[in-house]
Amino acid sequence: MFESANDVLKQAFTFLIPMLITGAVTVVCSAISAAAVYYYDKSRGIKEKGTTYFLIFLFGILGVIVYYFKTKKKTEKNDSLDEGKSKKFRMISIILIVIAVIGWGANIYASQTGMYDTDEYKQSVEKYASGFYDKYGNEYDNRDEVIYYTVDGCEFKMAQENSGYPYYYQMSDTHNNKYKEEYDGFLTYIDEDGYIVFFDKELELDDNCDLNDNFCYMDSDGHHYAQPYTLIWNSDGTLQK
């Protein structure tokens, strides 16, 4: 929720990669199917409206099958079409439909077996499908339940106002008068040792920071920090990169 726009877009694209590849192959196969019908009609001297081929494009192989059985006896007189051209168009149609069928089958097989899944996609699925952990390896079912620790052992948890604005509140069983009961979510950070820290104003982004590094916020002393909600710990308490 509080990740940078670049991080959100990158993560979304990672999850969409298999779907995008499947969709792209589907579009290509549909276009080939429509072209196959077009040349099939040319071999018979039939002229159809563009909407017919568009519908076949939309319905793919199913559209080809329906169209074939509805029009297989349909022919038109076309003296300009000789037998040689008819055979040529028919052969092109057959080749195209064979390519389309193979493409459809391969696409279904690849999508079902995960052949389109990139390493980044597998890592993301594994990361978000598993439980969530805190700095000390404690597991939670919900990311919003993760506890954040101060260096001296006080515990905080994230919550949201009705407006959706985030804040971090001090848990009663570790209450320490050293800290406020609540802190603005955008003034709350995690230091490079994994502890939650609080500031009076938002930190500036380090212009020289790697965009793939969450610890891109820098204080006046040059120390780097990350926003809590952008971090995920492994079961052994180490931060995922």
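A disulfide is a pair of cysteine sulfur atoms within 2.5 Å, and the structure holds 1 disulfide, formed by Cys 209 and Cys 216 with their sulfur atoms 2.0 Å apart. This is a predicted model, in which local features need pLDDT of at least 70 and side-chain atom pairs count only at pLDDT 80 or more, while totals for chains, interfaces and linings use all residues. Residues are numbered from 1 along each chain as its sequence is written, and side-chain values use heavy atoms, with hydrogens and water left out.

**Cysteines**

- The torsion about the S-S bond of Cys 209 and Cys 216 is about -75°, so this disulfide is left-handed.
- Cys 209 counts as buried at 15% relative accessibility, and Cys 216 counts as buried at 8%, where buried means under 20% relative accessible area with a 1.4 Å probe and protein chains only.
- Cys 29 is buried at 4% relative accessibility, and Cys 154 is buried at 1%.

**Helices**

- Helices are DSSP runs of H or I with at least four residues, and strands are DSSP runs of E with at least two, numbered from the N terminus.
- Helix H1 covers residues 5-44 and includes Asp 41, a buried residue with a relative accessible area of 0%.
- Not counting residues up to four places away in sequence, Asp 41 touches Ile 46, Glu 48, Tyr 53 and Tyr 67, where contact means heavy atoms within 4.5 Å.
- Helix H2 (residues 50-71) spans only 16 Å between its end C-alpha atoms, whereas a straight helix of 22 residues would span 32 Å at 1.5 Å a residue; the expected span is 1.5 Å times one less than the number of residues.
- H2 bends by about 130° at Gly 60, the bend being the angle between axes fitted to the seven residues ending there and the seven starting there.
- Gly 60 is also among the buried residues of H2, which include Tyr 53 and Tyr 67.
- Helix H3 (residues 83-113) has 31 residues that should span 45 Å, and its end C-alpha atoms are 45 Å apart, which agrees.
- Just after H3, Gly 114 takes a positive phi of about 80°.

**Strands**

- Strands E4 (residues 155-160) and E5 run antiparallel and are joined by 5 bridges, and two strands pair if DSSP finds at least two bridges between them.
- The hairpin of E4 and E5 has 5 residues between the strands, and Gly 164 in its turn has a positive phi of about 95°.
- Strand E5 (residues 166-170) has 4 of its 5 residues buried, so it is largely enclosed by the rest of the structure.
- E5 also runs antiparallel to strand E6 (residues 182-184), with 3 bridges joining them, and Tyr 167 stands opposite Asp 184 in E6.

Technical notes:
Buried < 20%, exposed > 50% of the residue type's maximum accessible area, 1.4 Å probe, protein only.
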